[in-house]
Amino acid sequence: MAPFGTLYTLKGRIHPRTRKIFAVARINGLELTLPMFIPFKSNKTPGYLAKFPTGKFPALETATGFCVSESNAVAYYVAEAGPNKDQLLGATPEERALVQFWIFYSELQLEPALWKVAVWRRGMVPFDARSETEGAAALPKLLDHVEASLRGKKWLVSDATGPSLADLTISAVIFFGYLTFIDAEMRAQYPETLRWVGQVMAMPELKGLYDDEFIEKRLDPPV
């Protein structure tokens, strides 16, 4: 089978915003090719900007020539394009609404809070005391909602059909948290979430997407 499309992103490293794209593609049986791509260089070339005028990445170019950027839009398109779209995006109006709720919950609430405490621990930005305080204060309440939503359930939207794009989106963000800020002591406060992330990680078709080891204790802020 010919590749479904080309994903422009950092090769050899799975970012939280691309993990959901790879996961959706795997579940739908769609192959994505990864060209050599240098962030903040490749995406500024005339050829790239002709396809993706905003210069954003990750970005997808399909075999038919369709081009789209922004990770949520790419993930949605890949989910819609395969045989398991009803599982991934919802089979009813109610399920589709819930999938969209969790996507927006991730983008507008969970990710901004986590990024404030996580990215400096990965050496991506300098430490900022205000951001650390704000993120550390906001994150527990956001995780509380995920935890409560999983009680008595296997998946966020539908136990009957399997993991949806909601599960793949939220779990990718929390998984990144497990590598940076959400250490063993904090994970123990959210057992349903830990169980659920483990379910996603254990899916045979997602092998290799969640190989990083969880931190035992988070890095303390600099004095």
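In this predicted model, strands E3 and E4 (residues 67–69) run antiparallel and are joined by three bridges.

E3 and E4 belong to an open sheet of four strands, whose order is E2-E1-E3-E4 and whose pairing is mixed. E2 and E4 are the edge strands, each pairing on one side only. Strand E1 (residues 5–8) runs antiparallel to E3, and four bridges join the two. Leu 7 has Leu 60 as its bridge partner in E3, while Gly 5 stands opposite Thr 62 in E3.

In a regular strand, side chains alternate between the two faces of the sheet. How are the faces of strand E3 (residues 59–62) covered? Ala 59 and Glu 61 are buried on one side, and Leu 60 and Thr 62 are buried on the other, which leaves both faces of E3 covered.

**Backbone features in the loops**

The loop between helix H2 (46–51) and E3 contains Pro 58. The peptide bond from Phe 57 to Pro 58 is cis, with omega near 5°.

Two residues other than glycine have a positive phi: for Phe 40 the value is near 70°, and for Glu 70 it is near 75°. Phe 40 lies in the loop between strand E2 (32–33) and H2, whereas Glu 70 is found in the loop between E4 and H3. Is Phe 40 buried or exposed? Phe 40 has a relative accessible area of 59% and is therefore exposed. Glu 70, at 43% relative accessibility, counts as partly exposed.

| Residue or bond | Angle |
|---|---|
| Phe 40 | phi near 70° |
| Glu 70 | phi near 75° |
| Phe 57 to Pro 58 | omega near 5° |

**Helix packing**

Two packed helices are described by the angle between their axes and the distance between the axes. The axes of H5 and helix H6 (residues 129–150) come within 7 Å and cross at roughly 145°. The crossing in which H5 passes H6 is left-handed. The residues of this contact between H5 and H6 divide into 13 nonpolar, five polar and four charged.

**The largest pocket**

Rolling a probe the size of a water molecule over the atoms shows where empty space is left. The largest pocket holds about 940 Å³ of space. It is lined by 37 residues, and those closest to its centre are His 15, Arg 17, Thr 18, Phe 57 and Pro 58. Phe 57 and Pro 58 are also the residues joined by the cis peptide bond.

Which elements give two or more residues to the lining of the largest pocket? They are helix H1 (16–28), helix H3 (71–80), helix H5 (93–118) and helix H7 (165–180). H5 provides the largest share of this lining, six residues. H5 is also the helix whose axis comes within 7 Å of that of H6. By residue type, the lining of the largest pocket divides into 17 nonpolar, nine polar and 11 charged residues.

Notes
Residues numbered from 1 in each chain as written. Predicted model: local features only at pLDDT ≥ 70, side-chain atom pairs only at ≥ 80, totals over all residues. Heavy atoms only, no water. 1 Å grid on protein atoms, 1.4 Å probe; cavity = no way out; pocket = protein on both sides within 12 Å on 5 of 7 lines; lining within 4 Å. Points joined across faces, edges and corners; volume = space filled by probe spheres on them. Nonpolar A, V, L, I, M, F, W, Y, C, P; charged D, E, K, R; others polar. Axes fitted to C-alpha atoms, helices over the stretch in contact; angles between N-to-C directions. Left-handed = near helix turned anticlockwise from the far one by under 90°. Buried < 20%, exposed > 50% of the residue type's maximum accessible area, 1.4 Å probe, protein only. Pairing = 2+ DSSP bridges.
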